[in-house]
Amino acid sequence: MSSTITPTPVVPSWPTETTPPAGAELIQETWALTRRLLLQLQRRPATLVAGIIQPLMWLILFGALFENAPSGFLGAGVNYAQFLSAGIIVFTAFSGALNAGLPVMFDREFGFLNRFLVAPLVSRFSIVLASTIFITLLSLVQTVAVMGTSYLLGGGLPGVAGLALVAGIVMLLVLGMTALSLGLTFALPGHVELLAVIFVVNLPLLFASTALAPLDFMPGWLQRVASLNPLSYAIEPIRYLYLHPSWQWSDVVMRTPWGDLSLGLALLILAGFDGLIILSVRKLLQRKLS
């Protein structure tokens, strides 16, 4: 009895498409959401123009207001353009980051955020990352505009290392304030309440900091408030970098009622403040984005 052997058909092996790693997908997803915010800005360029013109107006007008300030008001050999630049840079970045939650709030109110939440995203925290990247880019553009105008007004520029540290301080401040703004976005019922919080917080924190006047020029109670204001811990390091081409981490940048504050310690406190905010809003964001 003869048995026939049926040959096994040879199936050609076609190249299969490999699935990109989760990290690459997260980067692609975050970039897509960031690009959406950039396209919105491109379609409304007045937002960018106003965001650049406003700090320049502060710099020019306040610089003219204190042009004839008494000698010694700011220290020997210090003009007000040098002094004011740090305050305007920090306040501009702070204001922009505090407004970071508004686009997400409008998405939430119009139902667009719900579409994101039901979409097959790799991580819903890409929404948070995209907002942070967008505000950081916008703040750096505003910082360059302020520093360029300050240079034209005679304020000079920090050195290369100083410029890199200024950018790092701005990004550190934006990180914490963006996290706070996004936390408020999901904690408050609507954009009216969010705008009310922004208006209430914005100017008081500006005037209760060292942005416009030195600490020793203030009354005692305001000195204590300003020395606890997180904006002061970003302003004074940047101001020191403007006034001192060579610097060390141990250099004293602010003399507070509680003691001398070094450059390195000011940045550590600012980083700790960011960490505290992120920890405070982390559970809220996880609950709302889950």
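Accessible areas here come from the Shrake-Rupley method with a 1.4 Å probe, and for residues only the protein chains shown count as cover. On that basis the protein chain has an accessible surface of about 15900 Å², and 68% of it belongs to carbon and sulfur atoms.

Before going on, some housekeeping. This is a predicted model, in which local features need pLDDT of at least 70, side-chain atom pairs count only at pLDDT 80 or more, and totals for chains, interfaces and linings use all residues. Residues are numbered from 1 along each chain as its sequence is written, and side-chain values use heavy atoms, with hydrogens and water left out.

Now the overall layout. There are eleven helices and two strands in the protein chain; helices (H or I, at least four residues) and strands (E, at least two) are DSSP runs, numbered from the N terminus. Along the sequence the pattern reads α-α-α-α-α-α-α-α-α-α-β-β-α. Of the 290 residues, 44% are buried. Buried means under 20% relative accessible area, exposed over 50%, and partly exposed in between, with a 1.4 Å probe and protein chains only.

Contact means heavy atoms within 4.5 Å. Taking contacts between residues at least 6 apart in sequence, 76% join residues at least 24 apart.

Next, the inside. A nonpolar core is a set of buried Ala, Val, Leu, Ile, Met, Phe, Trp, Tyr and Cys residues joined through side-chain atoms within 4.5 Å. The largest one has 77 residues, and Ile169, Leu173 and Ile238 have the most contacts inside it. Which helix gives the most to this core? That is helix 3, with twelve residues. Isoleucine 169, leaving out residues up to four places away in sequence, touches Ala234, Pro237, Ile238, Leu241, Leu267 and Leu270.

Valine 90 is in helix 3, which covers residues 80–98. Is valine 90 buried or exposed? It counts as buried, because its relative accessibility is 2%. Beyond its neighbours within four places in sequence, valine 90 is in contact with Leu173, Leu231, Ala234, Ile235 and Ile238. Leucine 231 is 141 residues away along the chain, yet the two C-alpha atoms are separated by 7.0 Å.

On to the aromatic rings. Rings of Phe, Tyr and Trp (its six-membered ring) pair if their centres lie within 6.5 Å; planes under 30 degrees apart count as stacked, over 60 as edge-to-face and the rest as tilted. There are three aromatic pairs by this rule. Phenylalanine 91 and phenylalanine 94 have ring centres 6.5 Å apart and planes at 35°, so this pair is tilted. Both lie in helix 3, three residues apart, or about one turn of the helix, and both are buried. For tryptophan 247 and tryptophan 249 the centres are 5.4 Å apart and the planes at 80°, so that pair is edge-to-face. Tryptophan 247 is buried at 18% relative accessible area, whereas tryptophan 249, at 47%, counts as partly exposed. Trp58, Phe91 and Phe94 form one aromatic cluster.

Last, the strands. Two strands pair if DSSP finds at least two bridges between them. How many bridges join strand 1 to strand 2? Four, and strand 1 (residues 252–256) and strand 2 (residues 259–262) run antiparallel. They form a hairpin with two residues between them. Methionine 254 has leucine 261 in strand 2 as its bridge partner.
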